[in-house]
Amino acid sequence: MSKVAMFRVRAIAKKEVIEFVRDWRTIMAIIVIPLLMFPLLFILFPVLLESEAAELDALEISIVVQSNELDPSLEDAIVGAGIMFELESLSNLTTLSEPGEDMDRVRNLSVDAVLRIERVNTTWNYAILHLSTSERSNEAWNRLLDALNQWEDEEVERRISDSGLDVNATLDPLRWDGDVGQSDVATSGEQAGMVLSLFIPLVLAIWTYSSALQPSIDMTAGERERGTLEALLCLPCTRLELLLGKWAAVATITGVGVVLQIFGLLFAIGYLASSSLIGLPDLSITAILLLITAILLFAVMIVAIELALAMRSHSVKEAGSILAPMLLLIVFPALFTQVINLDGIESVWFAIPVVNILLALRELLMNRIIPGHIVIWAGTSLLYAALAAYYASRQFGREDIVTSLS
Amino acid sequence: MEPLLSISNVSKSFGDLVALDQINLEIRSGEVVGLVGSNGAGKTTLLRLMAGVYLPTSGKVSLPDGQPVNKMRQSLGVVPESTGLYSRLTAWENIRYHSRMHGVSDKDAWARTSKFAEHLDMLDSLGRHTKGFSRGMRQKTALLRALAHGPSILLLDEPTAGLDITSARTVRHLVEQLKNEGGTIVYSTHQLSEAQQVCDRIVIVHNGEIRADGSPEALLESTDTTTLEEAYVTLTKDTARPRTEEDGKEGRFTGWWRSFFTPKPPQVTMNEVENDE
């Protein structure tokens, strides 16, 4: 490419980025929201859950216990679980789960739950009537289950002991010796790589597609609809220069968005786990370079496809209705790729569009550098990227791009 | 005079629609050529062919030395009907973007822009974003943008359409000034009076054909009429076709789908309407 052509491509890209930066709404949508999304989700959401849990813990739960013979130790366990109760006699029922006459008072929450329990020879039968759509009733159900489990454990231990057996040896005859964590021969970096490989490719794929969506449409169908494209096509630049300039602008914006989102994601995980659950993955320089190459090839292909399809569209609305549903073509392979077992994987997977890059990212994040796989995913991705670029150049070369429905 | 641009036997079709049929036209240095015709006549298509945005279906648009027209874009200044300004850029940034694409330095572009901006009373508005510009200001900015790199030919597509009287007058004065300075201009309009006022030569385009090409006096003489309006009516007696360039490109399924969800107008005769009243 000549120096003049390079200058024009740079001028087009620069103008597109300037226009983009001057619109605060798109900056919010593509830069700020992805940066804050995961921190907000991973930090604020648990805080919210904690405060809700504390609120539930503070609830005063009152239930009715229906039994003709309530064991005093079970009574203690129920009170110990923070439940106030009234004792009633147990009426004749086909099964204890049948709501019967208690239906109304549980439904209108005049009691939070009803525990029915009866002794049948050496065992106990029980049922808890509750309203699953009520937080209070669910809390009563959870506390009652805790109390019953605790009482059951004590009862089991008492019965084993009464039989003259050792309680620990009977209940726990097989035991792990030493520290479980010590026995994993994978390094903490490898473990971190494994964890990251389960969601980083997914996030990258979806975000690359979705963050390129708005600028792609704005710079093509948007220009067409606003009538600015005709003036641009009268300039002494070729359609290829126009495509390259716009591609560079969309790729820059998308790249910044994706990097910021990953940064926000890692920050959130680091904060949540206080750096003890997940560390930095062990990645060689080769793996890092290959990771960047894979992401670049993917971005070349995705941005070219989006620009091409948006340029084919007569209006922003038409482009949106074509490109938005196409996100599913990324989401499904991305979800599918998460469950593929990488050990002994067949090479053909590394030739399938989208899947190939996602699998490559997973392998590389686990620092697995397998030359055969690299050749296949790099080769096929180059081919797909070239085909996408060719398709985009064909669309940019169309005569009718100058006309608009508006 | 030396022709700057030659159009030889050019036809242009969009699907089944023949937008232009066997057009022959030469644009000579220093003349102001008015393309006059109704909506859908083919004026914009002809201008787009001159600008190299469209390629002819048959025939040739070329420079005198036989080079294709896309080589000529370097020396073209174009003001499309839609003006094509970026609303998030200032007027000067819009102008500078285009002049940079023409390879003109910012300094030279500013020198030319400020000269014409003063004439158009736009100097103080060059630093403003074009988002809030009136139609007149947008048109003037587009004109400044087309002039900033010193084009050999200026292509203006209905430059006064939608402008108020004062703005339209200012634009016409600028064109006259450029004409006096020896500029070559192709001026598309559907207003005969405007063409008569501004242009040396009038080309009447109708239903994709050139019906007349000459000075206003020559047109009157050839049609044996006393006013240009009469001459125009004489030359374009057949019914003008509707504007269907975009329709010609619409996919069959898209057209069918839209018509499927479009109710037919009520089939009521005039007698029934009168009876209802």
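**A loop in chain B**

Start with D224(B), which sits in the loop between α7 (216-223) and α8 (228-235) of chain B. D224(B) is not a glycine, yet its phi is positive, about 55 degrees. Buried or exposed? D224(B) counts as exposed, because it has 9 C-beta neighbours inside 10 Å. The cut-offs: buried takes 20 or more other C-beta atoms within 10 Å of the residue's own, exposed is 12 or fewer, partly exposed is in between, and C-beta atoms are placed from the backbone.

Some housekeeping. This is a predicted model, where local features need pLDDT of at least 70, side-chain atom pairs count only at pLDDT 80 or more, and totals for chains, interfaces and linings use all residues. Residues are numbered from 1 along each chain as its sequence is written, and chains are lettered from A and ligands numbered from 1 in the order in which they are written.

N367(A), not a glycine either, has a positive phi of about 60 degrees. N367(A) is placed in the loop between α14 (355-365) and α15 (371-396) of chain A. N367(A) is partly exposed, because 19 other C-beta atoms lie within 10 Å.

**Chain B: overall and strands**

Now chain B as a whole. Its secondary structure comes to 11 helices and nine strands. The C-alpha trace spans about 70 × 45 × 40 Å along its principal axes. Of its 277 residues, 40% are buried. Take contacts in chain B with a separation of 6 or more: 71% join residues 24 or more positions apart. A contact here means C-beta atoms, placed from the backbone, within 7 Å.

Next, strand β8 (residues 201-206) of chain B. Five of its six residues are buried, so it is mostly covered, by the cut-off of 20 or more C-beta atoms. What does β8(B) pair with? Strand β3 (residues 32-36) of chain B runs parallel to β8(B), with four bridges. Pairing needs at least two DSSP bridges between the strands. V33(B) has R201(B) in β8(B) as its bridge partner. Strand β9 (residues 209-214) of chain B runs antiparallel to β8(B), with five bridges. There V205(B) stands opposite I210(B) in β9(B). β8(B) and β9(B) form a hairpin with two residues between them. In that turn, N207(B) has a positive phi of about 50 degrees.

There is also an open sheet of three strands in chain B, in the order β2-β1-β4, with antiparallel pairing. Its edge strands are β2 (17-28) and β4 (58-62) of chain B, each pairing on one side only. Strand β1 (residues 3-14) of chain B is joined to β2(B) by eight bridges. I7(B) stands opposite L25(B) in β2(B).

**The core and the interface**

Which residues touch the most other members of the largest nonpolar core? Among its 138 residues, they are A304(A), L307(A), L155(B), V186(B) and Y187(B). Helix α11 (residues 285-312) of chain A gives the largest share of this core, 16 residues. A nonpolar core is a set of buried Ala, Val, Leu, Ile, Met, Phe, Trp, Tyr and Cys residues joined through C-beta atoms within 7 Å. Outside four places in sequence, the contacts of V186(B) include I27(B), V33(B), L47(B) and L155(B).

Where do the chains meet? 25 residues of chain B are in contact with 21 residues of chain A. On the chain B side, β5 (76-79), α2 (91-101) and α9 (245-249) each give two or more residues. The largest share of that side, four residues, comes from α2(B).

**Chain A**

Last, a helix pair. Helix α8 (residues 200-226) and helix α12 (residues 316-323) of chain A pack at about 150 degrees, their axes 8 Å apart. Axes are lines fitted to C-alpha atoms, for helices over the stretch in contact, and angles run from 0 to 180 degrees between N-to-C directions. Residues of α8(A) at this packing include L213(A), I217(A) and A221(A), and those of α12(A) include V316(A), A319(A) and L323(A).

A29(A) lies in helix α2 (residues 24-57) of chain A. A29(A) and G257(A) are 228 residues apart in sequence, but 9.4 Å apart in space, C-alpha to C-alpha.

Conventions: Two residues are in contact if their C-beta atoms, placed from the backbone, lie within 7 Å.
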